[in-house]
Amino acid sequence: MDDFRLALMTALGLLVGFDSELLAIVSLSLWVSLCAVGCATLLGLPLGAAVAVWRFPGRTVLSVVLNTLMGLPPVVVGLTVYVLFSRSGPLGALGWLFTPWVMVIAQGILVTPIIAAYTRQSMADLYEEYAEQLRSLGVRPRRAVWTLLWDGRFSLLTGILAGFGRASAEVGAVLIVGGNMYRVTRVMTTTIALETSKGNLPLALALGILLLGLVLLVNAAAMLLQNIARRTYG
């Protein structure tokens with residue numbers, strides 16, 4: 001118990017003192033996760049909205065696939081990306097393996113289905129509500145997609161925040177493709193795993209506290225946006 005108390009006090013000291021190593025790990029983690037979520041948003045929002053609005057063969061199958069991909073095992077994604085970007089892989093010439101860029105790609109693959117599936121469900125509900133009105137105004141599906149995306153922007157932000165929560169808590173995929181190299185690809189989750197195995201509890205606890213705080217902020221933001229959406233659209 002005394003050892004844990006000492007480790008906790010040391011961890012709080014690292015947080016209060018803005019330890020340089022701690023800041024470097026956190027900043028890289030946020031950069032990787034934000035880039036991954038940004039790319040996933042650019043892909044997932046129009047994809048989910050298109051599946052919700054357009055009628056085409058295989059639409060139901062694609063919806064099922066999107067829902068299934070939400071549960072992609074991170075280690076499988078990491079292995080796939082590793083093979084693609086390894087020296088003998090088709091994208092090995094880029095030299096991105098064990099860099100933050102390939103970590104962004106791995107996290108983006110994990111987050112895109114979450115945002116797309118959430119968008120599809122939200123847009124399907126909105127389209128069902130406004131379909132007759134849109135048709136009476138002569139709004140074509142392509143324009144309807146962007147209209148609905150704007151109309152449901154608050155609820156869609158909840159899905160984006162959920163994707164950010166998944167990305168920031170990811171460890172398996174980024175560990176495989178990033179290698180957890182010091183001051184190069186070491187992020188919060190991989191550092192927690194490494195430092196715990198080494199017995200360096202203060203740094204692991206400090207990062208754990210920050211990660212937990214980040215998750216709490218994301219959930220609070222999601223609830224706030226949901227309340228705003230309810231007040232705005234009734």
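Predicted model: local features only at pLDDT ≥ 70, side-chain atom pairs only at ≥ 80, totals over all residues.
**Close-up views of a helix pair and a nearby-numbered loop**

View 1. Helix α2, which spans residues 20–53, packs against α7 at an angle of about 140°, and the axes of the two helices are 9 Å apart. Because angles over 145 degrees would be needed for roughly antiparallel, α2 and α7 count as oblique to each other. The crossing in which α2 passes α7 is right-handed. On the side of α2, the contact is made by L30, S33, L34, V37, T41 and L45, while α7 contributes L156, I160, G163, F164, A167 and S168. Sorted by class, the residues in this contact of α2 with α7 are 8 nonpolar and 4 polar, with no charged residues.

View 2. The side chain of S168 reaches the backbone oxygen of G165 at a distance of 3.1 Å. Leaving aside residues up to four places away in sequence, S168 touches S33, T189, L211 and L214, and S33 is also one of the α2 residues that make the contact with α7.

**View 3. N180 and R183 in the loop between α8 and α9.** N180 lies in the loop that runs between α8 (172–178) and α9 (188–198), and R183 is placed in the loop between α8 and α9 as well. The phi of N180 is near 55°, a positive value in a residue other than glycine, and R183, which is not a glycine either, has a positive phi of about 55°. N180 counts as buried, because its relative accessibility is 9%.

How values were computed. Residues numbered from 1 in each chain as written. Heavy atoms only, no water. Polar contact = N/O pair within 3.5 Å; in protein donor to acceptor, adjacent residues only side chain to side chain. Contact = heavy atoms within 4.5 Å. Axes fitted to C-alpha atoms, helices over the stretch in contact; angles between N-to-C directions. Helix = DSSP H or I, 4+ residues; strand = E, 2+ residues; numbered from the N terminus. Parallel < 35°, antiparallel > 145°, perpendicular 65-115°, else oblique. Left-handed = near helix turned anticlockwise from the far one by under 90°. Nonpolar A, V, L, I, M, F, W, Y, C, P; charged D, E, K, R; others polar. Buried < 20%, exposed > 50% of the residue type's maximum accessible area, 1.4 Å probe, protein only.
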